[in-house]
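Hi,

Here's the structure I said I'd pass on. Have a look at it first, then read my notes below.

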Amino acid sequence: MHTSSSTPRLTWAQIKRDQSTTALTAAFIAILAGYGGPLAIVIQAAQAGQLNEAQTTSMLWALCFTFGFAGFVLSYVTKAPIITAWSTPGAAFLISALPNTPYPEAIAGFVVAGAIIFLIGISGAFDSVMHRIPKTIAAALLAGILFRFGINTFMTLSTDTTLMLLMLTTYIIGKRLFARYAILAVLFVGCVYVFGIQGHAVPHVPLHVAPPLWTTPEFTFKALFNIGLPLALITLTGQQMTGIAVLRASGFSAAQAPAKPLISLTAFLSLISAPFGNFGINLAAITAAICTEKECHPDPSKRYIAGLWCGVFSMMLGTCAGVLVLFFLGLPKVLITILAGLALLGAILNSISNATSTQHSPSEREAALITFMTCASGVTLFELGSAFWGIVFGCIAHVILTYTKKS
């Protein structure tokens, strides 16, 4: 394991000595990978909720600036590469949830989700809570939400055949030859086709600072059960838990990078910035792996530099969030749909695999299937969405099936 929590406070002189080209490069690659497909998912969620340009810009500002700030502070304090991000599964969930929820109520749901995660984090009960949530149910919840999203992506084959085939082929080749850059290659090829061949006008995007926009939350039962609870569960199990796992797998111990402050700070920043559109920031997983392994720096004690750079880059991008929003809003919607769907293929595969793994009993897998089918159906009952009912039915089935098997 690496250094403990007794590590002396960093000084500016030490940070300058520890700088390296490899750490800077790793941070740059992590930012590119983190903003390629995931940004398209956020934009599509905003479009699904019919958010205007100002609301979308404020959402992206709140997400980028807060997770950049969190990553910088946590990397500085722990001297570990703490990479943060927005909740990509949470954004995918919002694509189906926002069309049925007024934006002020959705904001209330963001507040509730942030508060739930913050209370779990500050109490130190993160590991205990994660142990009590059936892993199959959590995985099936995410799989069901993303599955319907993935199906809609591949339906573009019938309407935009050439574009979909080009982007899908690029994705497959990219995953084989340069996995980290596959989604960026997909975005590049898609843009070349729609702007160079189809002749769409390239969006004119003037450089400007993003203004945050306050939206007063409207707390309702619908906001709590349709947005708040599912979003909290998705972020905890799909992001925070995997983010901690990446750190531990890379050798950064609980003594150096304890879960409590990591979970608490990201959740607190999500909570206080929720009225500006922040639906949740958390520990990163895939992009974190770029900065926590030896390719970043052969000396683990100097990899924190990548975390500092990621934080700086994200805060800069957050300040200019309006530029990113205008560019992506200027792209054809079908391009955003395909890009976001391909970016989520890995998450869909992992979720389905985790929910149906043979390491779980047939009873657990059957309960997970009920959760998956309910979420994938998109059903609404008593004004409560499929994510809520997927959790309810799945947990009830899990209790009954596993209890009868054990008795």
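F393 is partly exposed, with a relative accessible area of 34%, while W389 is buried at 12%. (Buried means under 20% relative accessible area, exposed over 50%, and partly exposed in between, using a 1.4 Å probe and protein chains only.) Bear in mind that this is a predicted model, where local features need pLDDT of at least 70, side-chain atom pairs count only at pLDDT 80 or more, and totals for chains, interfaces and linings use all residues. Residues are numbered from 1 along each chain as its sequence is written, and side-chain values use heavy atoms, leaving out hydrogens and water.

Both residues sit in helix α19 (residues 386–406), and because they are four residues apart, about one helical turn separates them. Helices here are DSSP runs (H or I, at least four residues), as are strands (E, at least two), numbered from the N terminus. The chain has 19 helices and two strands.

Now for the rings. Rings of Phe, Tyr and Trp (its six-membered ring) pair if their centres lie within 6.5 Å; planes under 30 degrees apart are stacked, over 60 edge-to-face, and the rest tilted. That rule gives 13 aromatic pairs. W389 and F393 have ring centres 5.5 Å apart and planes at 25 degrees, so they are stacked. They also belong to a cluster linked by ring pairs, together with F221, F225 and F388.

Zooming out, 55% of the chain's 407 residues are buried. Along its principal axes, the C-alpha trace spans about 60 × 60 × 45 Å.

Cheers
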